[in-house]
Amino acid sequence: MNNLFQISGYLAVKEIWRNRGRFLLISLVIALITLLVLFIAALGEGLGNGNREYISKLDAQFIVYQAKSDLLIPASRLGVDRVDAIRDVVGVADAGMLGTSGATMVLADDEKPLKVALLGIQPGHTGEPKVVDGLQLGTGLTDEVLIDRNTALRSGLEIGDTVSLRTTQGTEEEIFNLQVVGVTDGQQYSLQPSIFVSFDTWDNIRPKSEAEKNFANPVANVVLVKLTDPEQADVVRQALTSQVENIDVATLTEAIQALPGYSAQQSTLNTQGAFTLIIGLLVIGGFFQIQILQKVAQIGVLKAIGTANPIVAAATILQIVVVTFIGVAIGGLMAFLFSLSFPPTVPIVFNGTTSAVAVIALLLIGPLGGLVSIRYAVRIEPLKALGLSS
Amino acid sequence: MNHTVNALETNSVIKTYPSDSGTIYAVEDVSLRVAAGEFVALVGPSGSGKTTMLSMLAALLRPSSGQILLDGQDLAKLNDFERVAMRREKIGFTFQANNLVPYLSAVENVEMMLRLNKRLDKTGKLRARELLARLGLAERMHNLPSQMSGGQQQRVAIARALIHNPSLVLADEPTASLDTERAYQVVETFASLIHEQNRAGIMVTHDLRMCEYVDRVLVMQDGKLVREYVSRDEITLLARGGRQATQDIPMGMSLSAPA
């Protein structure tokens, strides 16, 4: 066994080294495929993250929607009375209202206005993200705002700065000035950077129609529910739907899947990634198959002088693994270097798990693609390969 | 030259192939013996069965019936794994063309046999270099096959065929791609090494001139051994074009190494 690996390793490395131009070429093709696969994975992660980041980071187990709103947050309307009813359900540790809308952040004269997700939350309740710098929001109708890291990066705002938000009130645009008191980690929502204000402030500045302007009772979109014991989720879910009228309850995962366009977007990108892997499989398989066809006589000689089939097969596998590994390493490095040059507006996120899955898949397609050529190499008859057969 | 120990012995070897018109006898009832230290030429016209015979002697092809005894072991009874081991350990082989592994240098090609036999130590490496130097390739040891002439490649193949001290050395048309002068050089060196190292050597050739350096000539025709040339004078005459190989052949003879 030891001799098998020594000889096959020797043959594989010698051949690669003495034909390094040819093998480097296929490694570069694999590198480009790796780059493409990693970017598709990163784009999927980036776009998905942009859609779900705030929700996926919530310290909550359920999101409560208005019944028959199809789990669409903008379509759901829940009054304050529902929040109180939800909080009364046994097993609910906390519930916080969430109001969502958009706003335009007016920046310095020479900069383009920044569209942000304006999220109204109840300070101190579920739904308020933790700040990584500065202070949490004060309660009540205040002019305080939390900005997420993406907003800070793209606007250049810092703690203590004043934010000017432009929203439509009836038929006119109004400017609201708020003070940045804290910065949270990334909390994108609906592919936009987010800012957080207290629910009352949100209700005051959110875009409104003429009819809504004088509406006294603020209405949230959804209620975020944190449980006393997440293990009892099913029981509490049943209790919620039976005790609170006219609501639908969804887990965070269900809520994310229901985000507009999220599933379609992810499945599109996953399909692209899968097809790129299949192309890689065919390219590597094709290359090694052609290479084996060119080496029939050479493999015939090796077998004729007493080289056993396992050595021939192991040498072929080793070559495929080495070439694939080099290609994936180059591709990974290229992806990393490219990623450094992207502005934060480009939704590309190199998530460790997603990238690792892509890299493992890429490393596997080499040997998989080469299976046919390995089989062919093992079946070469030295007699025929050397032209000795009658 | 006096040879006493038979390294190779075949008894009534037959190789048949089925065809639409019945069974074809590629090799028919061939019995021969080759002693250690003896260099034998196997000659005959195209289609006479000499390459099929060589393939069976090289454990690349199974006979349909009969015995092929190499150092007392019957090649016909070995399984695939044992036949590979036999080729690796007891047989040296040079082919017409595509002899060498193209991405290994001359010395690496020779050392390959020692690697396969787990005998690549310092002594083995030294022997590989000495053998190549002996074959006039001292300056070419680290050249790739593509950087060497056909004659040089054949000499590397000869070194590879001999380096692991095989019992039997086989050469299939070793001079086919060489000019006359280089062909003579290659066969002369081959013959002298076989004699020196006391191996049994068989060379298949259709070029009778190359019989100049062999100890015995076996002639095949239509799958059968039809004639044997033993005397030096006869062999020299044959090699220099004095007579046809198949002239005056007694049929059905069994040929053996002279005692």
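Me: Which domains does the assignment give for chain A?
Reply: In this predicted model, chain A is assigned domain 1 (2–53 + 263–385) and domain 2 (68–245), with bounds that come from an automatic or database domain assignment. Local features here need pLDDT of at least 70 and side-chain atom pairs count only at pLDDT 80 or more, while totals for chains, interfaces and linings use all residues. Residues are numbered from 1 along each chain as its sequence is written, and chains are lettered from A and ligands numbered from 1 in the order in which they are written.

Me: How far apart are the C-alpha centres of those two domains, and how many residues are in contact?
Reply: The C-alpha centres of domain 1 and domain 2 of chain A lie 47 Å apart, and six residues of domain 1 are in contact with nine residues of domain 2, where contact requires that the C-beta atoms, placed from the backbone, lie within 7 Å.

Me: What classes are the residues on the domain 1 side?
Reply: The side of domain 1 of chain A that touches domain 2 has one nonpolar, four polar and one charged residue; Ala, Val, Leu, Ile, Met, Phe, Trp, Tyr, Cys and Pro count as nonpolar, Asp, Glu, Lys and Arg as charged, and the others, Gly among them, as polar.

Me: And between the chains, how many residues are in contact?
Reply: There, 25 residues of chain B are in contact with 21 residues of chain A. On the chain B side, α1 (50–57), α2 (80–90) and α3 (106–116) each supply at least two residues, and the largest share, four residues, comes from α2(B). Helices (H or I, at least four residues) and strands (E, at least two) are DSSP runs, numbered from the N terminus. By class, the side of chain B that touches chain A has 15 nonpolar, five polar and five charged residues.

Me: New topic: is strand β7 of chain B buried or exposed?
Reply: Five of the five residues of β7(B), residues 168–172, are buried, so the strand is largely enclosed by the rest of the structure. A residue is buried if 20 or more other C-beta atoms lie within 10 Å of its own, exposed if 12 or fewer, and partly exposed in between, with C-beta atoms placed from the backbone.

Me: Which residues are on each side of it?
Reply: B:L168, B:L170 and B:D172 are on one side of β7(B), and B:V169 and B:A171 are on the other. In a regular strand the side chains alternate between the two faces of the sheet.

Me: Which strands pair with β7(B)?
Reply: Strand β6 (residues 91–94) of chain B pairs with β7(B) in the parallel sense over four bridges, and β7(B) also pairs in the parallel sense with β8 (residues 200–205) of chain B, over five bridges; pairing requires that DSSP finds at least two bridges between the strands. B:F93 stands opposite B:L170, whereas B:D172 has B:V204 in β8(B) as its bridge partner.

Me: What about B:L170, which residues does it touch?
Reply: Not counting residues up to four places away in sequence, B:L170 touches B:L54, B:L57, B:A58, B:I91, B:G92, B:F93 and B:I202.

Me: Last one: where is A:L191, and is it buried or partly exposed?
Reply: A:L191 lies in the loop between β8 (172–184) and β9 (194–198) of chain A, and A:L191 is partly exposed, with 19 other C-beta atoms within 10 Å. Although A:L191 is not a glycine, it has a positive phi of about 60°.
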